[in-house]
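Here are my notes for someone opening this one for the first time. Have it on screen while you read, and take the points in order.

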Amino acid sequence: MTEDGTEKTRMSDAVTGGARQSGEEDLEGLAVLLIEEDDLIRESLLDWLASVLVDARIVGRTLRDVEPAALRDRPAVVVVDIALIGGDGVDVVAGLHQTFPEAKIVALSMVDDEERCEAVLAAGAAACLPAWEVREKLESTLYELLGAT
């Protein structure tokens, strides 16, 4: 949300100038929900996601703003930082999976903790990536989960 209470959304055409990329036709109109508590990280991830998921609708939220998003956005993909302020990542993933059973949930972890990743996968995440692998692996993970080429 911005200071005036409006929704903060990035449309990928603003970043790419509308250029088509491989797999874009499969992603047109796709809703992607990013849940990140840190404003700077959220903004950076929004910009990056918009540059790799051309024509997708990318929406960034904090954990406390997820419920309103559930009513409007019905995302195909949820990318969530499991080191959330005010919530346990495993419980958050389980709640997201219950709220958006059809969505592919990608958990981002600030630490390389195999047990925690196993727990979020058991809770409903489709993938779990350490934060330092985000730029390297998130794009291919998203395309793989969405079946896009």
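1. Start with helices α3 and α7, which cross in a right-handed way. Keep in mind that this is a predicted model. Helix α3 covers residues 39-52 and helix α7 covers residues 134-146; their axes come within 11 Å and cross at roughly 50 degrees. That angle makes α3 oblique to α7, because angles under 35 degrees are what count as roughly parallel, and 65 to 115 as roughly perpendicular.

2. Who does the touching here? On the α3 side you'll find Ser44, Leu45, Trp48, Leu49 and Val52, and they meet Val134, Arg135, Leu138, Glu139, Leu142 and Tyr143 of α7. Sorted by class, the residues of this α3 and α7 contact come out as eight nonpolar, one polar and two charged.

3. Helix α5 runs over residues 89-99, and it packs against α6 at an angle of about 20 degrees, with the two axes 8 Å apart. So α5 is roughly parallel to α6, since the angle falls under the 35 degrees cut-off. The crossing of α5 and α6 is right-handed.

4. The residues in that contact are Gly89, Val90 and Val93 from α5, facing Arg116, Ala119 and Val120 from α6. By class, the contact of α5 with α6 has four nonpolar residues, one polar and one charged.

5. Next, have a look at Ala125, in the loop between α6 (114-122) and β6 (127-130). Is Ala125 buried or exposed? Its relative accessibility is 8%, so Ala125 counts as buried, the cut-off being under 20%. Setting aside neighbours within four places in sequence, Ala125 is in contact with Val93, Ile105, Ala107 and Val120.

6. Last stop is Ser109, which sits in strand β5, residues 104-109. Ser109 has a relative accessibility of 2%, so this residue is buried too. Which residues does Ser109 touch, not counting those up to four places away in sequence? They are Ile82, Cys128, Leu129, Pro130 and Ala131.

Technical notes
Residues numbered from 1 in each chain as written. Predicted model: local features only at pLDDT ≥ 70, side-chain atom pairs only at ≥ 80, totals over all residues. Heavy atoms only, no water. Helix = DSSP H or I, 4+ residues; strand = E, 2+ residues; numbered from the N terminus. Buried < 20%, exposed > 50% of the residue type's maximum accessible area, 1.4 Å probe, protein only. Contact = heavy atoms within 4.5 Å. Axes fitted to C-alpha atoms, helices over the stretch in contact; angles between N-to-C directions. Parallel < 35°, antiparallel > 145°, perpendicular 65-115°, else oblique. Left-handed = near helix turned anticlockwise from the far one by under 90°. Nonpolar A, V, L, I, M, F, W, Y, C, P; charged D, E, K, R; others polar.
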